[in-house]
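Colleague: Hi! Could you walk me through this structure?
Modeller: Happy to. Have a look at it first.

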Amino acid sequence: MANNYEEFSEVLEIPWGYDGNIVREALKEHLEDNGDEEAAFTFELNDKGLWIYSEGFGDPYKAADFASRVMKKFKMKGHFAIRYCFRCDRPKPGEFGGGIMIITVDGVKALNINDYYVNEISTALESGAKVSDDVPAIL
């Protein structure tokens with residue numbers, strides 16, 4: 001039997017002199033709106049900001065939602081990214097991957113590399129595209 005993991009670890013820099021209650025309010029809203037009893041990720045406030053991470057079984061989509069809520073509460077501008085990986089403790093085909101979540105106060109955009117490969121790259125290659133010319137530089 002194989003075990004699958006979803007892992008990520010990023011720090012959202014929040015304004016100096018922050019109020020930890022603001023982060024707790026964002027978490028409460030996130031949990032209520034998603035119908036969850038506990039977060040599908042771990043977070044800590046430290047001297048660098050809000051560290052959002054998983055310890056093997058995190059949900060990057062829910063972590064991104066939480067980060068967006070924190071950004072709204074602090075009226076932050078710009079974006080924040082959570083890069084994540086899917087891995088398996090055995091070398092099973094198709095069990096590895098990952099992606100990136102681009103987060104703003106307006107929401108979350110996600111790029112899952114497995115979906116991107118299936119939908120974009122493999123289609124382009126099957127249509128005769130050459131990797132060096134027609135397929136995005138992500139390869």
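Modeller: One term before we start: the expected span of a helix is 1.5 Å times one less than its number of residues. Also keep in mind that this is a predicted model.

Colleague: Thanks! How many residues does helix H2 have, and how far does it reach?
Modeller: Helix H2 covers residues 60-73, which makes 14 residues. From its first C-alpha to its last it reaches 20 Å, close to the 20 Å expected.

Colleague: What happens at the start of H2?
Modeller: There, a side-chain oxygen of aspartate 59 comes to within 2.9 Å of the backbone nitrogen of tyrosine 61. After the helix comes lysine 75, with a positive phi near 55°.

Colleague: And which residues of H2 are buried?
Modeller: Among them are Ala63, Phe66, Ala67 and Val70.

Colleague: Which residues have the most contacts inside the largest nonpolar core?
Modeller: That core has 24 residues, and the ones with the most contacts inside it are Leu12, Ile52, Phe66, Val70, Phe80 and Ile103. Several elements each supply at least two residues, including strand S1 (4-12) and helix H1 (20-34). H2 gives the most, with six residues.

Colleague: What is valine 70 in contact with, leaving aside neighbours within four places in sequence?
Modeller: Valine 70 is in contact with Leu12, Ile14, Ala26 and Leu50.

Colleague: New topic: why does cysteine 85 count as partly exposed?
Modeller: Because its relative accessibility is 29%, and partly exposed lies between under 20% for buried and over 50% for exposed. Cysteine 85 lies in strand S4. Not counting residues up to four places away in sequence, cysteine 85 touches Tyr5, Glu6, Glu7, Gly97 and Gly98.

Notes:
Residues are numbered from 1 along each chain as its sequence is written. This is a predicted model: local features need pLDDT of at least 70, side-chain atom pairs count only at pLDDT 80 or more; totals for chains, interfaces and linings use all residues. Side-chain values use heavy atoms; hydrogens and water are left out. Helices (H or I, at least four residues) and strands (E, at least two) are DSSP runs, numbered from the N terminus. Buried means under 20% relative accessible area, exposed over 50%, partly exposed in between (1.4 Å probe, protein chains only). A polar contact is a pair of N or O atoms within 3.5 Å; within protein, one must be able to donate a hydrogen and the other to accept it, and residues adjacent in sequence count only if both atoms are side-chain atoms. A nonpolar core is a set of buried Ala, Val, Leu, Ile, Met, Phe, Trp, Tyr and Cys residues joined through side-chain atoms within 4.5 Å. Contact means heavy atoms within 4.5 Å.
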